[in-house]
Amino acid sequence: MKRPGLQSRWLCVPGALWIGVFLLAPLLCVVAVSFFSTGSYGEIQRPLTAEHYARFVGFGALGWDALYPFIIARSIFLAAASTGLCLLLALPMAFFIASLPTRWKSAALTLVTIPLWTNLLIRTYAWQILLSGTPFYPGAVAVFVGLVCDYLPFLVLPLYASVEKIDWTLAEAAQDLGAARWNTFQHAIWPQMRPGAVAGIVLVFVPATGQFVIPDLLGGAKTVLLGNVIQQQFGPSQNWPFGSALATIAMLLVLMGLWLYARAAKNDREATLL
């Protein structure tokens, strides 16, 4: 008779092989290519070098240049700003949907997700048409508007899920003890919403940092972000090692965001147990 533990391990083998072949192996190839040199015609060749990472930091053949550090700073700033505005807009929307009668909640959630039914490229082209007659296009403001509108549903839905589970007796007890509205929200309501907020922040910030379609269509040459630089290196520039180095750095940013999310979730669980 087979042991249940051994049987479950065998059932995990197909999934593990799929992840290893189609996810981990390509990622390792990207990391490996980032340490090769680039030939005169864009070919990948030896010797192995770390110059692509030094170039990203700003150190090149002609000395230090702030171009790529400025691009990563701009990418993080726009991603953080759009995430912050999405959070401010998602909070009242989540409370409004949660306050609706049960028969209207499904309709409201459907309205929130309707933009996601359309391809991201089509939505971005629509914003390009709407903003084409304004002084903000092309530019950082247009990119900011596109990021907020495209990623807002990813913060509304997790926040709504948390608002639905709020124990309002804690808020009532805080008010009975004389707590002001802000103190009630800060100490009785927000801790219960924090898991949904953190999940939504990760869902918005991580893809917004590496976005290249929205900056390319709405920002033009005025607003180049990390995703645009990676696309440029693998496309017209034909500099795959440098593009691989940029992609590796982008993956590290994603992993850092996921690590912060896991750490925040762990702290929430420990606070709940206490």
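Reader: Where is the place of leucine 116?
Author: In this predicted model, leucine 116 is in the loop between helix H4 (102-113) and helix H5 (120-131).

Reader: Is leucine 116 buried, exposed or partly exposed?
Author: Leucine 116 is partly exposed, because its relative accessible area is 32%.

Reader: What is leucine 116 in contact with, leaving aside neighbours within four places in sequence?
Author: Arg123, Asp150, Pro153 and Phe154.

Reader: And how far apart are leucine 116 and proline 101?
Author: In sequence, 15 residues. In space, 24 Å from C-alpha to C-alpha.

Reader: Switching to helices. At what angle do the axes of H3 and H11 cross?
Author: Roughly 130°. The axes of H3 (residues 67-99) and H11 (residues 226-234) come within 8 Å. So H3 is oblique to H11.

Reader: Which residues make that contact?
Author: From H3, Tyr68, Ile71, Ile72 and Ser75. From H11, Leu226, Val229 and Gln233.

Reader: How many are nonpolar, polar and charged?
Author: The contact of H3 with H11 has 5 nonpolar residues, 2 polar ones and no charged ones.

Reader: On to rings. How many aromatic pairs are there?
Author: The count is 8. One of these aromatic pairs joins phenylalanine 234 and tryptophan 240.

Reader: What is the geometry of that pair?
Author: Phenylalanine 234 and tryptophan 240 are 5.9 Å apart, centre to centre, with 55° between the planes. That pair is tilted.

Reader: Which residues form an aromatic cluster?
Author: Trp182, Phe185 and Trp190 form one.

Reader: What sits over the ring of phenylalanine 242?
Author: The charged end of arginine 55. That end is 4.0 Å from the ring centre.

Reader: Zooming out. How many helices and strands does the chain have?
Author: The secondary structure comes to 12 helices and 4 strands.

Reader: What does the C-alpha trace span?
Author: About 75 × 70 × 35 Å along its principal axes.

Reader: What share of the residues is buried?
Author: Buried residues make up 35% of the 274 in the chain.

Reader: Last one. Among contacts with a separation of 6 or more, what share comes from residues 24 or more positions apart?
Author: Such residues account for 68% of those contacts.

Terms used. Residues numbered from 1 in each chain as written. Predicted model: local features only at pLDDT ≥ 70, side-chain atom pairs only at ≥ 80, totals over all residues. Heavy atoms only, no water. Axes fitted to C-alpha atoms, helices over the stretch in contact; angles between N-to-C directions. Helix = DSSP H or I, 4+ residues; strand = E, 2+ residues; numbered from the N terminus. Parallel < 35°, antiparallel > 145°, perpendicular 65-115°, else oblique. Contact = heavy atoms within 4.5 Å. Nonpolar A, V, L, I, M, F, W, Y, C, P; charged D, E, K, R; others polar. Phe/Tyr/Trp six-rings, centres within 6.5 Å; stacked < 30°, edge-to-face > 60°. Lys NZ or Arg CZ within 6 Å of the ring centre and 35° of its normal. Buried < 20%, exposed > 50% of the residue type's maximum accessible area, 1.4 Å probe, protein only.
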